[in-house]
Amino acid sequence: MSLLWLARRGLGLCLALLAASVIIFVLMDLLPGDPAEIMLGTSARPDTLAALRAEMGLDRSAWVRYAEWAGGLLRGDFGKSQTYAVPVAELVGERLVVTLPLALISLCLTLIIALPLGAWAAARRNSTTDTAIVAITQLGVAIPNFWFAMMLVLLFAISWRWLPSGGFPGWDAGPRAALALILPAIALALPQAAILTRVMRSSLLETLSEDYVRTARAKGLTRGEALRRHAFRNALIPVLTILGLQFSFLIAGTVVIENVFSLPGLGRLIFQAINQRDLVVVRSVVMVLIAFIITVNFVVDIAYALVDPRLRGRG
Amino acid sequence: MVRYLAKACFALLALSVVGVASSAMAAPRTDLNAGIRLEPPHLDPSAGAAAAIGEIVYANLFEGLTRMAPDGAIVPGLAESWTVSADGKTYTFTLRKGVTFHDGAPFDANVAKFTLDRARAADSVNPQKGLFEPIDAVEVVDPATLKVTLKRPTGAFLFNLAWPAAVMVSPQSAADNKTKPVGTGPFKFERWAKGSQIDLVRNPTYWGKTPALNKISFKIIGDPAAAYAAMMAGDLDAYPIFPANENIPQFQKDPRFTVKIGNTEGKTIVALNNARKPFDDIRVRRALAYGIDRKAVIEGATMGLAKPIGSHYAPQDAGYVDLTGKYPYDPEKAKALLKEAGVSNLKAKLVLPPPDYARRGGEIVAAQLKKIGVDVELVPVEWAQWLSDVFRGKNYDMTIISHVEPMDLDIYARDDYYFNYNNPDYKALYTELAATSDPDKRKALIAKAQEKLADDSVNVFMFLLPKTGVWNAKLDGLWENAPLPVNDFTAVRWRD
C-alpha cells in the first residue's frame, strides 16, 4: 500500500467533508421555520422574538455564522444547542454511548448470523436447507425493521414480559441497560443479516465456479477445504462493500428504531432537533455522522487493499 | 428437552415475580412512571412556550401566586389571600410565610416582585409576556405583602397569574432554571437523562401538605405504538394525555387501566384567512360552516371522542353558550350561499400541521367541501413551517389548528393576528370584557363575544380536543380534565 495512494485517499476524504459541511449549512439555512419562534410559540410578541433571536445569534449574516460554525468544528467545538442550552458535544456524547453500542452489537449480530449462514447455504447449493435459507432471507429483506421491532415488543415485552418495551435506564443501571438494547439490536440486525447472507451466498457460489477453485479441487482438496482455503477470502470483497454500506444503513436505521423503542440515541436527537429547528445540533450531528460514514468507507477501502493486493495499485 | 427447559425458565420467572409481588404488597407504592409525548427543550416555563415544560414542572416543582384547581377554578397558591381595590386596578396579595425554594432561598414579596418584573422587562423572553402587560407597578409593602397596580382593570389577572409562565422564581437560581430548575413546589428536580426521562423527588421541606408520592419519573415516549406497548407492558403507570385515540378502546376493555376522557381547552377550528378573497365574504365563510359535517370530522379525526363547539370557547368554561346548532350540516344551503356570493369553482389550499386531528380531519373536510363545489388542495407541513408561513406570514387560505390557550377570546381582537379578522365591533366588545371584573357581567359579555364570532363565522369552529388519560386502575388523584396543559401530580396516590 503506497503512501501516495493513502495521501490521495486522505485528500479525497477532506474534500468530501468540506463539501458536506457547505451542503448541510445551506440546506439547514434554507429550511423554513424560525427556531426562536418555535421556542416561544404562538403567544410570543415581536419584541420578545427579536430579543431571543439576538440571544441566539440568528440576527447575523449567513457567512459569519458558517465561518463561526466551520471554524468551531475544526477546533473540535460543536457549538451550543439552541433549545437545550448545553454544548452539542455533551449532547452527542450522551447519545453516542447508546447509539454506538447499539450499532456495534447489531453489526456483530449481523456478521455472526450472515457469514456462517451464507457459507452454509453456498456449500449446500440447491439442497432443502439452501432453499429454506434463500426463502427466509428473501422475507427478511422485505420486512421493514420498524414493523419487525413492533412484533418483537408485542411478543417479548407485552405477552411474555421478558424484556422492557423500550426506554433506556442509563449504563449506570448495569445489566438492565444491556437488556434494554437486546430487542432494538435484534430488530436492526436481522433485516441486515438477511441481506448479507444473500450476498455471502451468491459471492461464494461465484468464486466456487472460478478456475482456481477447480484447480484446487483437481489437486485433491475437498469442496469444503477449497471453500475454506481459497474461495472464502475471495468472496469477502463484495461482502465488505455491502458491509460498509450497511453500516450507514445501520446508523440511519437507528433513527427509526430509537423512536420505536424510545431510546435516547443519536438518531432521536436528530429527529427532535429537526422538529425544533435546533440548527446548531442538526448541523453538527449530521456532520459527525457524515464524517463517520466517510471514514468507515475509507477504512473499507483500506480493508479491500488488505484482502486483495491487486486493488492496491488502483484508485 | 426444550420444553422442560422452557418450563424450568417459566418456573424461575414465576418465582421471581411472586417474590417481587409479595414485597410490594407490604405498603402502597410511592413512585410513579408517567408518559409524556414530547421532551421539553428545557425546564423553565418562564422562558419557553413548549407545553411539555408545564406538563412536568407546573404545581409539582414550580408554584405561582395563584394556581389552577382541577376544575379550572383559581385558588390560592403562594399568595394565601388577596384583595382587589374598588376600581379593579390594585391587587394586594398576602403571601404565605415560611416558604423556601429547594436551594434554601426564602420566598417573600421581594422574590415575587423580581419574578413579575423579570417577566415584563424589555429583554424578557417570557412566552406569555402579554399576561403581564397590564401591570403598571409592583411594590413590596412588607415581606409578606405585595401590591400590584394595573394600567387598567383586568378581569383575568388572577387567572393570568396561575399560568405556568407566571410561576415564582428566585433571583439566585432563575438564570439556571432551564437545566436545574429550583422552585417552591412539593417535588424537586433530581435528574434529566436527555432523550429518556426526567425524575422529580419529594421536597422534604415543603411548606404545604406532603404529597403521597416519593418520586415521579416522566418518561418521554412519543411514538404512539411505543406508548401503547409501554402501558401494556407495565413500564408506565400513567399516560395522562395519551397520544393515540385509536388505542383507547383496548385500554377501556382492560380492567388493569382507568380511562378518562376529559376536556382540554383545545378549540379545534378550520381557520380562514379573512383578508383573502373570497374568504373576506361572510357568505362564503358561512357556506363553509354549513358545508362541514362536524360529526363526521369528530368521528374520523378523534375516534368520536371530541365534543363539538359552535364558537371559540370551551363548553366547561364560565359564560359558555351552546352555538353548535347555528350552522347545521346543510350542503344545499352551503351551495346556495356560495352561488349568492358569486363564487364558483373555488379552489383553496388547506394547510395541515402534523397532529393527527389536523391530518385526518383535513382529509374529511376536503371530501366534504368537494360536495359543495370547493376544490381543496391539502398541504401537509411541519410545525416550524406552519409557524413561519401561516401563523406569522399569514400566507394561507385555510388551516386546521387547535388553539389550546384557555379562554383566548382576545386573539380575535388583535390587530395583526393570522385570521385577519380586524373587526372594530368585536374589538370594542373585547375591550369592555377585558376591563370588567364583575363575574356576572363578564359572563354576559363572554356570551356576546362568542355569538359575535359565530355570527361572523370568522372560522369554522369544529370541536374541543379531548384529553384521553390512561392510568393504572390503582392510582387516584390524576386530573380528568386539562384546564391548562399540565400534570399536577401533587394529589396522586396509590391505593392499597
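**Exercise 1. Describe the secondary structure and extent of chain A.**

Solution. Chain A contains twelve helices and zero strands, where helices (H or I, at least four residues) and strands (E, at least two) are DSSP runs numbered from the N terminus. Reading along the sequence of chain A accordingly gives the pattern α-α-α-α-α-α-α-α-α-α-α-α. Taken along the principal axes, the C-alpha atoms of chain A fill a box of roughly 85 × 60 × 35 Å. One backbone detail belongs here: R161(A), although not a glycine, has a positive phi of about 55°, and R161(A) is found in the loop between helix 7 and helix 8 (175–208) of chain A.

The model is predicted, with local features needing pLDDT of at least 70 and side-chain atom pairs counting only at pLDDT 80 or more, while totals for chains, interfaces and linings use all residues. Residues are numbered from 1 along each chain as its sequence is written, chains are lettered from A and ligands numbered from 1 in the order in which they are written, and side-chain values use heavy atoms, with hydrogens and water left out.

**Exercise 2. Characterise the interface of chain A and chain B, going from its extent to its composition.**

Solution. Begin with the contacts: 46 residues of chain A are in contact (heavy atoms within 4.5 Å) with 48 residues of chain B. Next, the two chains bury about 3600 Å² between them, 53% of it on carbon and sulfur atoms; buried area is the accessible area (1.4 Å probe) that two parts lose on being put together, summed over both. E37(A), T42(A) and Y84(A) supply 16% of the area that chain A buries against chain B, more than any other three residues.

Turning to specific pairs, the rule finds three salt bridges across this interface, a salt bridge being a side-chain nitrogen of Lys or Arg within 4 Å of a carboxyl oxygen of Asp or Glu.

Finally, consider which elements contribute. Among the elements that give two or more residues to the side of chain A that touches chain B are helix 2 (35–40), helix 3 (46–56) and helix 5 (88–123) of chain A. Helix 3 of chain A gives the largest share of that side, six residues. By class, the side of chain A that touches chain B has 22 nonpolar, 13 polar and eleven charged residues, with Ala, Val, Leu, Ile, Met, Phe, Trp, Tyr, Cys and Pro counted as nonpolar, Asp, Glu, Lys and Arg as charged, and the others, Gly among them, as polar.

**Exercise 3. Work out how the open sheet 4-5-7-6 of chain B is put together.**

Solution. Four strands of chain B form this open sheet in the order 4-5-7-6, with antiparallel pairing; two strands pair if DSSP finds at least two bridges between them. Its edge strands, each pairing on one side only, are strand 4 (79–84) and strand 6 (135–142) of chain B. Neighbouring strands of the sheet are turned by 20° against each other on average, direction ignored, the axes being lines fitted to C-alpha atoms, for helices over the stretch in contact, and angles running from 0 to 180 degrees between N-to-C directions.

Now follow one pair of strands. Strand 6 and strand 7 (residues 145–150) of chain B pair in the antiparallel sense over six bridges, and they form a hairpin with two residues between them. Within this pairing, D142(B) has T145(B) as its bridge partner, and V140(B) has L146(B). Helix 3 (residues 109–120) of chain B lies across strand 5 (90–95), strand 6 and strand 7 of chain B, running at about 165° to strand 6 of chain B.
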